[in-house]
Amino acid sequence: MTQRVALATVMDRLSIDAVITDYAVAVDDGTWDDYSALFTEDGRADYRGAGGIEGTAAEIAQWLTRTLRAFPVRQHLIVNRRLDLQDLGGYPGDQARVRADYLNPMGPEAGEQGTAPAFVSGGRYAFDLLRTEPGWRIRTVEAHEKWRCAPGAVATG
């Protein structure tokens, strides 16, 4: 691998990492235009593995708007990111896969029913990304919830 290819690979990894971070921030802040802009034109999200729905980025944004209204405070953490960048014989390709764990505490505004999260879940995401003209975009994302709990409830898993 040449130094130029190594630098391109590092830049791709940083760009992909930024897309995943922007995804978490868009969901937490409820900025659904930003959320939709992270996807390819044919991008889809599948939250059935976390009790949700599957659909286009626009359909999912509408569903999240309604569903997350009950939880105005969200702090979606995406960690343990494992990124596999397509390898074209020593050169980076235009596809990538990211597997990452998530921890998602959600709750009411501070001062409403206390300040502790009303709901916490954890699981794993699988992102497939494509390099596009404007940069890396999410082609698909799947959420696989491993556990969830609410204050006073026993965690399931």
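**Tyr125 and its aromatic surroundings**

Modeller: The side chains of Tyr125 and His76 are joined by a polar contact of 2.7 Å. The model is a predicted one. Tyr125 belongs to strand β6, which spans residues 119-132. Tyr125 has a relative accessible area of 5% and counts as buried because this value is under 20%. Beyond its neighbours within four places in sequence, Tyr125 is in contact with several residues, among them Tyr23, Tyr47, Ile78, Val98, Tyr102 and Val141. Glu142 is also in contact with Tyr125; the two residues are 17 apart in sequence, and their C-alpha atoms are 5.6 Å apart in space.

Tyr125 is also a member of one aromatic cluster, together with Tyr23, Trp32, Tyr35, Phe39, Tyr102 and Phe127. The count of aromatic pairs in the model comes to 9. In the pair of Tyr23 and Phe127, the ring centres are 5.2 Å apart and the planes stand at 85°, so the arrangement is edge-to-face. Tyr23 lies in helix α1 (residues 3-29) and Phe127 in strand β6, so this pair ties together parts that are 104 residues apart in sequence. Tyr23 is buried, with a relative accessible area of 0%, and Phe127 is likewise buried, at 0%.

Another pair is formed by Phe71 and Phe119: the centres of their rings are 5.8 Å apart and the planes are at 35°, so the pair is tilted. Phe71 is in the loop between α3 (57-67) and β3 (73-74), whereas Phe119 is in strand β6, 48 residues apart. Phe119 is buried, with a relative accessible area of 17%.

Definitions and conventions
Residues numbered from 1 in each chain as written. Predicted model: local features only at pLDDT ≥ 70, side-chain atom pairs only at ≥ 80, totals over all residues. Heavy atoms only, no water. Helix = DSSP H or I, 4+ residues; strand = E, 2+ residues; numbered from the N terminus. Buried < 20%, exposed > 50% of the residue type's maximum accessible area, 1.4 Å probe, protein only. Contact = heavy atoms within 4.5 Å. Polar contact = N/O pair within 3.5 Å; in protein donor to acceptor, adjacent residues only side chain to side chain. Phe/Tyr/Trp six-rings, centres within 6.5 Å; stacked < 30°, edge-to-face > 60°.
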